[in-house]
Amino acid sequence: MSNLVIVESPAKAKTIKKYLGKNYEVIASMGHIRDLPKSTLGVDIENDFKPKYIAIRGKEDVVKELKAGAKKADKVYLATDPDREGEAIAWHLAHLLKLDLDQNNRVTFNEITKTGIKSGMKAPRHLDMDLINAQQARRILDRIVGYKLSPFLWKKVRSGLSAGRVQSVAVRLIVDRENEINDFVSEEYWTIDAKLSAKSSKKLFPAKFYGDKNGKIELKTKEDTDKILAALDNAEYVIENVKKGVRKKTPAPPFTTSTLQQEASRKLGFQARRTMKAAQELYEGVKVKKLGAVGLITYMRTDSLRISQEASDAAAAYIGATYGENYLPKTRRVYKSKSNAQDAHEAIRPTMPDVTPQSIKDDLTADQYKLYKLVWERFIASQMENAVLNTVQTDIGAAGYIFKASGYSVAFDGFTVLYEESRDDDNETGGALPEINKGDVLKLKSLDGNQHFTQPPARYTEASLIKALEENGIGRPSTYAPTITTIISRGYVEREAKALKPTALGEITTKLISEHFSNIVNVEFTADMEKQLDEVEVGKMDWEKVLHNFYGDFAKSLEEAEKVLGDTKIKVPDEVTDVICEKCGRNMVIKNGRFGKFLACPGFPECRNTKAITQETEGICPKCGGKILAKKSKNGKEYFGCEKNPECSFMTWDKPLAEKCPKCSASLLQKKGRAGKIYCSNENCDYERPLKAEKKN
């Protein structure tokens, strides 16, 4: 008997084929094979939003292969990804191949391992029409917003713009945060900071001024601070109260899609798209010595914290053997998922907890290794015992005033021996205080009044934006990475170091949409829409009703906005620079072109001067002595070239350093990668040294 199994990617097909044997053929659909047409709306709004699906252009050969394989097979299994999107792809495949929708031909794999595949193949089921309808509703909603609102933006702002149900809210969050920063009024405040030592130790410890016996005293000015400093002159510092305690620190739960993206951003500096690419590869299968092609992590699109008993047992066995029984909690850890979590899958975890990152490092790419290590350590740590901290808090009296000091020491490291979660607002400080007792007199080393100013809220990073989207119920785990990619590529948001900053275009379009389509960028409205889609997914709501509820108000808003604005065209202000146009003396402005940003004279069309945006490096050209500039190629890749180009032809892909060559004094260059090194830019000099020998801060 011949069987055909259809998956989405060739990598997954190759891994699964290994476990199924000769009676099974495995073919990849290469993602979706049917979709709404690109050239038209493709939705019959008057006929209950009936979608018009067509075969995706360019997939003809894939479709031909799938049809031929299905014709030869006695049984066809649809094994696309185990989520809403995968269910929809399976449904489209069933229609394309004319499969019987009443048959049990849908199989899912939470992990691409022998156990995961065997258990999936043993439990074929019907296609889940609730999942499929939830995906259809989401797709049609996004299509309506995109195809109705985008042309409005073309007419009123600029051609080529787009709007999206989730992307517009994400931009709104970033714009609102920027407005908070701009409107923020900084206030002065002061602190008094002491450094003290006890008789039991020469080591200094810090203490902060708190107030007096009546409570906390806020220091607003230098005058307030100087009065207290004067009163403290020659004061004796005495321990008035010591409070000792024990604090338990619990491990973070295993990863969900959202927390994986956040932690990879904070710990590894990965953008969400990069994280999901590496996670997809680890899930679909990697060729590992002694194991062959195998999926190393469970399905990476999930918001569940559930893990299987088998995985928990495997983790416990590893922890006991590696760290000892005292690192195992007395009862198995169970983490509670959020109330709106889709619990079809486990949390993201290693499929084989005994396969350590170090043992397979040589089989993985750099990104795969870093991400697998992160997933593996997080999961193992989540099954370990708490860390135990001995804490000390003390009140120190001086001239009728009170200072406070606190610290902790580690009594038992527990899970922290392996892993600790990072945080955007991680400001935990401390360390062990010396042995102190009530009545002890301390020695003052220094006492300083320090001026501070309150700070505005920080701009969003990818990690904090994903966290905000999740907390507000905007989008689903699978949408975060593509949403961030879209709002940056469309020019609504730009990166400034790790921060996300709205552009003038992002601010203008957000203001326009807020004024005329308030629901589209309303956080509560969008979150409620997500809840309705989740209800469709579990069969509690009709998907067509969701679309009707949305479209009535949306169509009315669109009609009213067209009337109110008429032929009005909104100009996006240019970003003015301090670069002077050498042809006419005007300050040049930043424009967006086909290959990215460039400088242009605002005097166009009288003055047509343009130039590339460049940034000086600390390097000096080895050929002519000019400055080396950082530049961008047409495809956006950074390279470095002489400022005197085209007269000087010097160019390199490697980063110039401020450090000079010890042999010839030319600028050194840094080449990254596996063969990373520091070497001399002078082609006649042979100086070089390994990059891995560099000290890391």
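This is a predicted model: local features need pLDDT of at least 70, side-chain atom pairs count only at pLDDT 80 or more; totals for chains, interfaces and linings use all residues.

Reader: Let us turn to rings paired with rings. How many aromatic pairs does a search of the whole structure find?

Author: The search finds 15 aromatic pairs. One of them joins Phe152 and Phe517, and it is edge-to-face because the planes stand at 80°, with the ring centres 5.3 Å apart.

Reader: Where do Phe152 and Phe517 lie?

Author: Phe152 belongs to helix α5 (residues 129–156), while Phe517 is in the loop between α14 (504–516) and α15 (523–537). The pair therefore ties together parts that are 365 residues apart in sequence.

Reader: Are Phe152 and Phe517 buried or exposed?

Author: Phe152 and Phe517 are both buried. Tyr551 and Phe554 form another aromatic pair, a tilted one, with 6.4 Å from centre to centre and 50° between the planes.

Reader: What separates Tyr551 and Phe554 in helix α16?

Author: About one helical turn, because they are three residues apart in that helix, which covers residues 543–565. Tyr551 and Phe554 are both buried.

Reader: Which residues do ring pairs link into a cluster?

Author: The cluster consists of Phe49, Phe152, Phe517, Phe525, Phe550, Tyr551 and Phe554.

Reader: A change of topic, to the cysteines. How many disulfides are there?

Author: The count is zero. For Cys642, the closest cysteine sulfur is in Cys624, and the distance of 3.4 Å is too far for a bond, since a disulfide requires sulfur atoms within 2.5 Å. Cys648 is likewise in no disulfide, as its nearest cysteine sulfur, that of Cys621, is 3.6 Å away.

Reader: Are Cys642 and Cys648 buried or exposed?

Author: Cys642 counts as buried, because its relative accessibility is 0%. Cys648 also counts as buried, at 8% relative accessibility.

Reader: Finally, Glu85. In which helix is Glu85 found?

Author: Glu85 is in helix α3, which comprises residues 84–96. Its relative accessible area is 35%, so Glu85 is partly exposed.

Reader: Which residues does Glu85 touch, leaving aside those up to four places away in sequence?

Author: Leaving those aside, Glu85 touches His32 and Gln135. With Gln135 there is a polar contact of 3.3 Å between the side chains.

Key: Residues are numbered from 1 along each chain as its sequence is written. Side-chain values use heavy atoms; hydrogens and water are left out. Buried means under 20% relative accessible area, exposed over 50%, partly exposed in between (1.4 Å probe, protein chains only). Rings of Phe, Tyr and Trp (its six-membered ring) pair if their centres lie within 6.5 Å; planes under 30 degrees apart count as stacked, over 60 as edge-to-face and the rest as tilted. Helices (H or I, at least four residues) and strands (E, at least two) are DSSP runs, numbered from the N terminus. Contact means heavy atoms within 4.5 Å. A polar contact is a pair of N or O atoms within 3.5 Å; within protein, one must be able to donate a hydrogen and the other to accept it, and residues adjacent in sequence count only if both atoms are side-chain atoms.
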